[in-house]
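Welcome! Please take a moment to look over the sequence and the fold shown here before reading on.

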Amino acid sequence: AEQVLVWLGRIDRGQFGGDSGGKYAQMRSSIRKWKIKGSELWQFNHVFLRMLGVSDEHDRELILGEIEKLEPTLEDLAFVGHVRKLSQMEIEQGIEHGLQKA
């Protein structure tokens, strides 16, 4: 959660940061309470951000746009399934192996 809060604090000159009070105190408090991890950010959407207290549409767009820029981690990729591409050599070996069985 703390890494997510640090990351949020770096967006758009720190408008989503701050230790206490401010426009987005509810969002920061909820992220801490629910122990939101960086690997969970891809699940954020407009509705969820509104529930966290981000009522301004421009601010929601800004946060979601920054989330889209994040590189997926191996943990994220494992969650969505196997995504590794086969090399040309693996494809050719697989075809040869399949032809040998036929």
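This is a predicted model: local features need pLDDT of at least 70, side-chain atom pairs count only at pLDDT 80 or more; totals for chains, interfaces and linings use all residues.

Start with α1, which spans residues 2-9. Its buried residues are Val-4, Leu-5, Trp-7 and Leu-8. They lie on the same side of α1, because together they cover an arc of only 160° around the axis.

## How α1 meets α2

The axes of α1 and α2 run 9 Å apart, and the two helices pack at an angle of about 155°. This makes them roughly antiparallel, because angles over 145 degrees count as such. On the α1 side, the contact is made by Glu-2, Val-4, Leu-5 and Leu-8, while α2 brings in Met-27, Arg-28, Ile-31 and Arg-32. Sorted by class, this contact has five nonpolar residues, three charged ones and no polar ones.

## The nonpolar core

Next, look at the largest nonpolar core, a set of 18 residues. Leu-8, Met-27, Phe-44 and Ile-63 have the most contacts inside this core. The largest share, four residues, is supplied by α1. As a general point, nonpolar side chains tend to be buried together in soluble globular proteins.

Leaving out residues up to four places away in sequence, Phe-44 touches Ile-36, Leu-49, Leu-52, Leu-64 and Ile-67.

Finally, turn to the loops. Most residues other than glycine have a negative phi, yet two exceptions can be found here.

Arg-13 sits in the loop between α1 and α2, with α2 covering 25-33. Although Arg-13 is not a glycine, its phi is positive, near 60°. Is Arg-13 buried or exposed? Arg-13 counts as exposed because its relative accessibility is 78%, and the cut-off for that is over 50%.

Lys-35 belongs to the loop between α2 and α3, where α3 is 46-51. Lys-35 is another residue other than glycine with a positive phi, of about 50°. With a relative accessible area of 60%, Lys-35 is exposed.

How values were computed
Residues are numbered from 1 along each chain as its sequence is written. Side-chain values use heavy atoms; hydrogens and water are left out. Buried means under 20% relative accessible area, exposed over 50%, partly exposed in between (1.4 Å probe, protein chains only). A nonpolar core is a set of buried Ala, Val, Leu, Ile, Met, Phe, Trp, Tyr and Cys residues joined through side-chain atoms within 4.5 Å. Contact means heavy atoms within 4.5 Å. The arc is that of the directions from the helix axis to the C-beta atoms. Axes are lines fitted to C-alpha atoms, for helices over the stretch in contact, and angles run from 0 to 180 degrees between N-to-C directions. Angles under 35 degrees count as roughly parallel, over 145 as roughly antiparallel, 65 to 115 as roughly perpendicular and the rest as oblique. Ala, Val, Leu, Ile, Met, Phe, Trp, Tyr, Cys and Pro count as nonpolar, Asp, Glu, Lys and Arg as charged, and the others, Gly among them, as polar.
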